[in-house]
Amino acid sequence: MKIVVGGASSAGRSIVGYLSLGNNDIIVVDTDGQKLDELAKEYDIQPVLGSISYPDIQERIGMKDADMLIAVTDNDEVNLIACQVAYTLFNVPQKIARVDSQYFLNPMWNTLYNEKSLPVDLVITPDVEIGEYILHLISLAGSSSVYPFTDGKVNIFSFVNKLTDSPFSAFSVEHINSKLADLSARIVMIIRGNNRIIGNFSETYLQKNDIIYISCLAEYNMDIMHVFGVDHNPYENVVMFGANSISGYIAANLEKDDNTISCNIVEDNALRAEKLADILNNSTIITGEMMSDVILDESGFNGADVSIALTDKDKDNLLISLLAAKNKETQAMSLVNSKDYNVLANNIRDNIIVDRSVVTISAILRHLRKARIDEAYALGREMGEVWEIRLGEDSSNINKTVKELNLPQTSSVFAILNDDKINYDFNNHKLTADDKLLVYVSAGDIRRIENIFYC
C-alpha cells in the first residue's frame with residue numbers, strides 16, 4: 001500500500017513505526033525538517049518537507065496514487081483540511097484524521113464527517129486511545145494487557161504466571177481449558193520467551209513466567225484471575241508522571257471511579273501543571289523535579305498501588321519505572337515511544353510497557369485491513385494482531401467449518417461469537433452469517449488472512 005502520513009511528531013512516528021513492519025510505501029510530510037531527518041534515519045520512508053494540507057505538496061508526492069492518508073499533525077485544522085484536499089482533488093479512498101479538540105469531537109457535530117462536509121473516514125485521538133488502554137489495565141488489576149471485543153462483552157487479557165507451585169502445573173493446557181469451560185473462558189495463547197504457542201495444547205504445560213492470554217466473557221474476568229492466583233486487588237492509590245492530555249484523561253475518569261482513593265500527578269513544568277489543575281477536580285498536581293526524593297515522598301510514590309510514567313521522554317519513563325520496581329507492592333507502567341527501549345523496558349521487574357505505536361495503530365487497524373473487521377488490536381511489534389471478523393450474508397465462508405478455512409498454522413481462530421455467547425468447541429460448527437470470529441493473525445499471515453476473509 002502507498003500510505004501518506006502527515007506529521008512526524010510522536011503520533012506520526014508511532015504509526016510509521018508499525019507500518020514499516022509491513023510491505024508499505026510510506027511517505028511522511030512535515031514542516032519540521034529535523035523531525036523528518038530523525039524519522040528517516042530510523043525507518044525506510046520518503047520524507048517530504050512542507051504542510052500536508054497544501055494542494056501543491058499533495059500533488060508533488062503523488063497523492064492521486066495513494067491508498068490512504070493518515071493526517072496526524074498537532075493541528076486539528078491542518079489534519080481536516082488535508083483530508084478535504086485529498087478527497088476533492090485526488091480522490092484518496094481512505095482518509096484518517098487526528099482530532100484532539102473536544103469542539104470537533106462533540107457528538108453534536110458528528111454530521112460534519114461525511115463526503116458532503118468533511119470527508120474523513122475515521123477520526124482518531126491517539127492520547128485518548130492510550131488513556132483508554134491504561135484505564136483497562138487499571139480496571140483489571142494484575143493484567144498485563146486487556147483487549148475488549150463485542151462492545152466490551154468479551155475480553156482477551158493477559159497476565160504473567162508467577163506461581164512455581166500452581167495447582168495447574170501437573171495438567172496440560174488442554175485439560176485446564178476443559179475446566180475453564182464453566183466460566184466461558186479459554187487459554188488461547190502463551191508467550192514463552194520469544195516463542196508463541198497457539199492451537200493444540202494437549203502437550204503444553206504451564207511454566208513460571210509464561211505470559212498467558214485468556215479469552216472470556218468480561219463478567220468472569222475477576223473469577224479467572226482468582227483461579228490462576230493472580231493478585232487483583234484494585235489500584236486505589238495512583239501516581240502518574242507527566243501532566244499532559246493522557247494523564248488528564250486518565251485522572252478525569254479515575255475521579256469517577258469509587259475504587260480510586262487518591263490520584264496524584266507529578267510534573268516539573270509549572271505551566272503544564274497549572275493547566276491540568278484547572279480541568280481536574282479531585283486529583284492532586286505536584287510541581288517539582290520528578291526524581292527528587294522530596295517530590296516523590298510528597299506524591300505518595302513509595303506507597304502507590306500503581307505508578308504510570310507518561311512523559312514524552314522514554315528514558316525518564318523507564319527510570320521512574322525502575323524506581324517503582326524497588327517497591328514490590330507497586331505496579332509500574334511506562335509509556336514507550338521508541339522501539340529501541342523495548343528490550344530495556346522488559347528487563348524492569350513486572351513493568352508493563354505501553355507502546356505508543358501499538359496502541360495508536362490499533363485505532364486504525366480495521367481501516368488498514370481488507371476484511372470485514374469490527375475490532376482489531378495489535379499485540380505488539382511483530383507479535384501479530386487479533387481481529388473480530390463478522391461474516392455477513394455475502395461471505396463466501398458461510399457453511400464452512402473453521403478447518404475448511406485453511407488458515408496458516410501460525411494463525412488461529414480463538415473463538416466464535418453469536419448472540420452474546422462464546423463458542424470454543426467449534427470443530428464441527430458450520431459458519432453462519434451472524435457469526436463473529438476472534439482470529440489471531442501472525443505478522444507474516446496478514447495478507448493471506450485478508451484474502452480468506454476478503455469482503
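What radius of gyration would a compact globule of 455 residues have, and what does the protein have? A compact globule of that length would come near 23 Å, and the protein has 23 Å, which agrees. The radius is taken over C-alpha atoms, and the globule rule is 2.2 Å times the number of residues to the power 0.38.

This is a predicted model, in which local features need pLDDT of at least 70 and side-chain atom pairs count only at pLDDT 80 or more, while totals for chains, interfaces and linings use all residues. Residues are numbered from 1 along each chain as its sequence is written, and side-chain values use heavy atoms, with hydrogens and water left out.

Along the principal axes, the C-alpha atoms fill a box of roughly 65 × 65 × 45 Å. Of the 455 residues, 54% are buried. Buried means under 20% relative accessible area, exposed means over 50%, and partly exposed lies in between, with a 1.4 Å probe and protein chains only. Contact means heavy atoms within 4.5 Å. Among contacts between residues at least 6 apart in sequence, 62% join residues at least 24 apart.

The accessible surface comes to about 21,200 Å², and 46% of it belongs to carbon and sulfur atoms. Areas come from the Shrake-Rupley method with a 1.4 Å probe, and for residues only the protein chains shown count as cover. There are 39 positive and 64 negative side chains, and the centres of the two sets lie 6 Å apart. Lys and Arg count as positive and Asp and Glu as negative, whereas His and the chain ends are not counted. The place of each charge is taken as NZ of Lys, CZ of Arg, CG of Asp or CD of Glu.

Helix α1 spans residues 10-19, and nine of its 10 residues are buried, so it is largely enclosed by the rest of the structure. Among the buried residues of α1 are R13, I15, V16 and Y18. In helix α9 (residues 245-254), the buried residues are I246, S247, G248, I250, A251 and L254. These pack against α6 (126-139), β12 (237-241), β13 (262-267), α10 (270-277), β16 (331-336) and α14 (356-362). At the start of α9, a side-chain oxygen of N244 comes within 3.1 Å of the backbone nitrogen of I246.

Strand β17 (residues 352-355) contains V354, which counts as buried at 1% relative accessibility. Beyond its neighbours within four places in sequence, V354 is in contact with I130, Y133, I134, S334, L335, V336 and V359. V354 and G380 are 26 residues apart in sequence, and their C-alpha atoms are 9.6 Å apart.

R372 sits in the loop between α15 (365-368) and β18 (373-380). R372 is buried, with a relative accessible area of 17%. Its side chain makes a polar contact with the side chain of D394 at 3.0 Å. A polar atom of the R372 side chain also lies 2.5 Å from the backbone oxygen of L391. A polar contact is a pair of N or O atoms within 3.5 Å; within protein, one must be able to donate a hydrogen and the other to accept it, and residues adjacent in sequence count only if both atoms are side-chain atoms.

The remaining residues are in other loops and in helix α7. K162 lies in the loop between β8 (154-160) and α7 (173-180), and is partly exposed at 48% relative accessible area. Apart from its neighbours within four places in sequence, K162 is in contact with K208 and D350. K162 and V230 are 68 residues apart in sequence but 8.1 Å apart in space, C-alpha to C-alpha. H175, in helix α7, is partly exposed at 31% relative accessibility.

Which phi does D151 have? The value is near 55 degrees, positive in a residue other than glycine. D151 is in the loop between β7 (145-149) and β8, and is exposed at 81% relative accessible area. N209, in the loop between β10 (195-197) and β11 (211-217), has a positive phi of about 75 degrees although it is not a glycine.

Definitions and conventions:
Helix = DSSP H or I, 4+ residues; strand = E, 2+ residues; numbered from the N terminus.
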